[in-house]
Amino acid sequence: MSTTLNCAGTFVPGVSSDWFLTSFDSARKLSVWPKVGMSSYRRGVRVNSTLVTGTSQDHSSELMNLGRTSLQISKLGTGTLQWGDPGSGYGKSYREEDLAEAFDTLVQGGVNFFDTAEVLVYGYQGIKSGTSSEQLLGKFIRRPSGNTGSPSLTPVIASKFFTIPWTNFLVGGGFRLGRESLLAALKESLKRTGREQIDLYQIHFPFPTFSNSALMESLKEAVEMGLTKAVGVSNYSRDQMEEADDLLAKYNIPLASNQVQFSLLCQTPIEDGLLRVCRERCITLIAYSPLASGVLSEKTFTRTDSRSVQVQPLLKLMQTIGANHGGKSITQVALNYLICKGALPIPGCKSAELARLQLGVLGWRLEDAEVALLEQRKRDLKL
C-alpha cells in the first residue's frame, strides 16, 4: 500500500491521468492525507495484547484479537497490493498460480490476515476479467485448499472503501457522495470476494466530500446489516482516529484498526502519539509498506543509489542481529521489529518462496535492547 495511492497514474477512458493527479494533489494540500505513524514502544505492552498461542497445526501459530473485536488474526498479515497488477509483473513474472501457491503456503504456515481493497494501484483493471485483488483472494479462499489449517486459521479478509467521489470511473457505480455509496461499494466487494460478509471493512483515507460522521454512520449501518464483522480506518491521523472511535462508540461499535505506513525506516511520525492512543483504546495498528518498498532487504546491498548506500550501516546491523537469532534475514528482522512495536505488518507476497521467507518472522522475538539499538542506528543515519 502506498500513501500516494498510485492509481492516479492509470488511464481511464474519457479521463486524463493529469486530472486524477491534480485531484490527489488537492487532497494532500487540504491535509486530508495526513502524515501518520507510531509513538515509541512501551516495554512489555502490545497493541491488541490478547494473545492465543498454539493451534492443532505444527506451526503453533500465535493469534491475537483484532482490536476490541472477537476476530482472531495472526501477528503477521499479507498485503495484496500487487495481486492482479500488470504493472508489477502480473501475467509475466508471476501468474495466478504463483499467487495461489503463496496463499496456500501462508495459511498453512499460520498467516490468516489478508488485506485488499476495491482500488489497489492497477489491480482494479482486472475486475472485468476476474483478476482484481479482491477477486483473486476470494477465488483462493473458495477452493477446497483455501481453508487449510485449523478452524482458528480461517482466512480473514480486510477490504476498503475508496472515498474519492469519482471512483465510479475506476470500478463502476454512481458518483460517490452520500452514506449509501459506502454500502453499495461494500456489496460490490462482497460479490468480488464471493462472500456474504467481509471480516474487516475500512475507510481507505479521509476525503473532504465525506465527513467523519457520515462515514462512521455508514460503517454502523454495514455492521447492522451484517455486511461486515468489524470496521476500521486507514491513513487516519491520531485526532481523526480518536474522532472516528468516539463516533462509533455512540453505536456501541469498536473501531478495530487504523492502517498506516510504518517501517524501521519510516519513523518520522513516531512521536505523534498514534501508537499510544491505539494502545489506550485497544485499536490494532496495521503497518503497510513494512519493508520500505523493498529497501529493508539484502538486495539493497547490490544498489548504488545514494539512499541505498546511506542505509547500509543499518542493514549490516540487522544482519548481525538476525545471525544471533539463528540466521534470520534482514527482511525477517524488519518485520519482527514491527511486531515487537505492537504493529501488524502486512508485506506483499507473490510466491511460495517469499511466503516461506515471511513465515520465518513468526515464533521468535527481538530483544528490547535490539529494538532500541536498531532505532538508534536509524536515527544516526539522519535519513
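Q: Into which accessibility class does Arg195 fall, with a relative accessible area of 22%?
A: The model is predicted, so local features need pLDDT of at least 70 and side-chain atom pairs count only at pLDDT 80 or more, whereas totals for chains, interfaces and linings use all residues. Residues are numbered from 1 along each chain as its sequence is written, and side-chain values use heavy atoms, with hydrogens and water left out. Buried means under 20% relative accessible area, exposed over 50% and partly exposed in between, taken with a 1.4 Å probe and protein chains only. At 22%, Arg195 is therefore partly exposed.

Q: Which residue forms a salt bridge with Arg195?
A: A salt bridge requires a side-chain nitrogen of Lys or Arg within 4 Å of a carboxyl oxygen of Asp or Glu. For Arg195, the closest N and O atoms of the pair are 2.6 Å apart. The partner has a relative accessible area of 3% and is buried; this residue is Asp199.

Q: How many residues apart in sequence are the parts that the salt bridge of Asp245 and Arg68 ties together?
A: The closest N and O atoms of Asp245 and Arg68 are 3.1 Å apart. Helices (H or I, at least four residues) and strands (E, at least two) are DSSP runs numbered from the N terminus. Asp245 belongs to helix H7 (residues 238-249), while Arg68 is in the loop between strand E2 (62-65) and strand E3 (72-74), so the sequence separation bridged by the pair is 177 residues.

Q: Which residues are joined into one network with Asp245 by salt bridges that share partners?
A: Arg281 also forms a salt bridge with Asp245, the closest N and O atoms being 3.0 Å apart. This pair links distant parts of the chain, with Arg281 in helix H8 (residues 274-281) and Asp245 in helix H7, 36 residues apart. Through shared partners, the residues joined with Asp245 are Arg68, Glu242, Asp246 and Arg281.

Q: What is the angle between the planes of Phe103 and Phe140?
A: The whole structure holds 7 aromatic pairs, where rings of Phe, Tyr and Trp (its six-membered ring) pair if their centres lie within 6.5 Å, with planes under 30 degrees apart counted as stacked, over 60 as edge-to-face and the rest as tilted. Phe103 and Phe140 form a tilted pair, 6.0 Å centre to centre, with an angle of 45°.

Q: Which helices hold Phe103 and Phe140?
A: Both residues are buried. Together with Trp83 and Phe114, Phe103 and Phe140 form one aromatic cluster. Phe103 and Phe140 are 37 residues apart, in helix H2 (residues 96-109) and helix H3 (residues 133-142).

Q: Against which elements do the buried residues of H3 pack?
A: H3 is mostly covered, with 8 of its 10 residues buried. Among the buried residues are Leu136, Leu137, Phe140 and Ile141. The buried residues of H3 pack against H2, strand E5 (113-115), E6 and helix H5 (180-193).

Q: The ring of which residue lies under the charged end of Lys220?
A: A charge sits over a ring if NZ of Lys or CZ of Arg is within 6 Å of the ring centre and within 35 degrees of the ring normal. The charged end of Lys220 is 5.0 Å from the centre of the ring, which belongs to Tyr251.

Methods. Contact means heavy atoms within 4.5 Å.
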